Amino acid sequence: MSVDRRNRSQHDLAFRRFHQTEKQSGRAARTVAADNERAVILNDFRDAINELKRANDVQFKRVAQVQADLDVIKQAWNRMKMLV
């Protein structure tokens with residue numbers, strides 16, 4: 001009976017080690033999957049931010065051009081006022 005118990009406890013120990021390893025590899029796989037998902041999300045945010053920066057630069061250039069055009073109009077208006 002003692003030999004049977006020893007074999008049984010060794011079997012139980014091997015069984016537990018196997019399942020513990022399975023749990024660890026499962027956790028590792030879930031961690032890798034979560035990291036990959038985070039990387040995708042961060043890349044999407046980075047792309048969105050870069051796109052917003054480009055749009056902001058375009059708008060800033062447009063505003064600057066409108067301001068320059070208004071300055072030219074204002075100078076022309078002031079010249080016209082001086083002639084009249």
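Predicted model: local features only at pLDDT ≥ 70, side-chain atom pairs only at ≥ 80, totals over all residues.
**Exercise 1: The overall picture**

Find out how many helices and strands the protein has, and what share of its residues is buried.

*Solution.* Start with the secondary structure: the protein has one helix and zero strands. That helix, α1, covers residues 2–83. Next, turn to burial: of the 84 residues in the protein, 0% are buried. Finish with the surface, where the accessible area comes to about 8300 Å². Carbon and sulfur atoms account for 59% of that area.

**Exercise 2: A salt bridge**

Work out which residues form the salt bridge and where they sit in the helix.

*Solution.* First, count: the structure holds one salt bridge. Second, name the partners: Asp35 pairs with Arg38, and their closest N and O atoms are 2.8 Å apart. Third, look at the spacing: Asp35 and Arg38 are three residues apart in helix α1, so about one helical turn separates them.

**Exercise 3: A nonpolar patch**

Identify the residues of the nonpolar surface patch, then decide whether Phe45 is buried or exposed.

*Solution.* Begin with the members: Ile41, Leu42, Phe45 and Ile49 form the patch. Together they have about 400 Å² of accessible area. Now zoom in on Phe45, which lies in helix α1. Its relative accessible area is 52%. Exposed means over 50%, so Phe45 counts as exposed.

How values were computed: Residues numbered from 1 in each chain as written. Heavy atoms only, no water. Helix = DSSP H or I, 4+ residues; strand = E, 2+ residues; numbered from the N terminus. Buried < 20%, exposed > 50% of the residue type's maximum accessible area, 1.4 Å probe, protein only. Areas by Shrake-Rupley, 256 points an atom, 1.4 Å probe, with all protein chains shown as cover. Patch = residues over 30% accessible without salt bridge, like charges linked within 9 Å, V, L, I, M, F, W, Y side chains within 5 Å. Salt bridge = Lys/Arg side-chain N within 4 Å of Asp/Glu carboxyl O.
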